[in-house]
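The following note sets out numbered remarks on the structure shown below. Please read each point alongside the coordinates.

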Amino acid sequence: KKAADAKKAADAKKAAEAKKAAEAKKAVETTSEEETAESDDSEKQAALLEAASQLSVTVTRNSARMHAIDVSFDDAMVAASRALDAYGTLCAEIAALQQAPLARLRAEVEHR
């Protein structure tokens, strides 16, 4: 009977050790899966940060281009305004020149 009890105890000890080994193996696999998931998350975060950085650079460049276009447009509007002013002045001078012969003609007619 002692031999049977000793065998049962040995079997129970082996079963307990096997159970602990299985749990340890599962813990290692779970940890490995978690590390892989964390690594994937880190890679995704790094990729997102890189994309955000590139987007920021693009936005900054486009903002600078828009500012340059805005300045060019303002300059063009000032030049167009000056051209219209000059055209108005020219039209007034032409009108004055056209009136001068008429004024002389009236003066001659009235003089006679």
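1. The protein carries 17 positive and 20 negative side chains, and the centres of the two sets are 14 Å apart. Lys and Arg count as positive and Asp and Glu as negative, while His and the chain ends are not counted. Each charge is placed at NZ of Lys, CZ of Arg, CG of Asp or CD of Glu.

2. Basis of the model. This is a predicted model, in which local features need pLDDT of at least 70 and side-chain atom pairs count only at pLDDT 80 or more, whereas totals for chains, interfaces and linings use all residues. Residues are numbered from 1 along each chain as its sequence is written, and side-chain values use heavy atoms, with hydrogens and water left out.

3. Secondary structure and overall form. The protein has 1 helix and 0 strands; helices (H or I, at least four residues) and strands (E, at least two) are DSSP runs, numbered from the N terminus. Helix H1 covers residues 2-111. The C-alpha trace spans about 165 × 15 × 5 Å along its principal axes. The radius of gyration is 48 Å, whereas a compact globule of 112 residues would have a value near 13 Å. That radius is taken over C-alpha atoms, and the globule rule is 2.2 Å times the number of residues to the power 0.38.

4. Buried residues make up 0% of the 112 residues, where buried means under 20% relative accessible area, exposed over 50%, and partly exposed in between (1.4 Å probe, protein chains only). The protein exposes about 10,100 Å², of which carbon and sulfur atoms supply 61%. Accessible areas come from the Shrake-Rupley method with a 1.4 Å probe; for residues, only the protein chains shown count as cover.

5. Surface patches. Glu 29, Glu 33, Glu 34, Glu 35, Glu 38, Asp 40, Asp 41 and Glu 43 form a negative surface patch. One of these residues, Asp 41, is in helix H1 and is partly exposed, with a relative accessible area of 43%. A nonpolar patch on the surface consists of Leu 102, Leu 105 and Val 109, which together have about 290 Å² of accessible area; Leu 105 is placed in helix H1. Patches are made of residues with over 30% relative accessible area and no salt bridge, like charges being joined within 9 Å and nonpolar side chains (Val, Leu, Ile, Met, Phe, Trp, Tyr) within 5 Å. A salt bridge is a side-chain nitrogen of Lys or Arg within 4 Å of a carboxyl oxygen of Asp or Glu.

6. Separations along the chain. Ala 52 and Ser 39 are 13 residues apart along the chain, and their C-alpha atoms are separated by 20 Å. For Lys 20 and Ser 53, 33 residues apart in sequence, the C-alpha to C-alpha distance is 48 Å. Ala 12 and Val 57, 45 residues apart, have C-alpha atoms separated by 67 Å. Between Glu 50 and Pro 101, 51 residues apart, the C-alpha separation is 77 Å.

7. Individual sites in the helix. Lys 20 lies in helix H1 and counts as exposed because its relative accessibility is 61%. Ala 12 is partly exposed at 46% relative accessible area, and Glu 50 is partly exposed at 44%.
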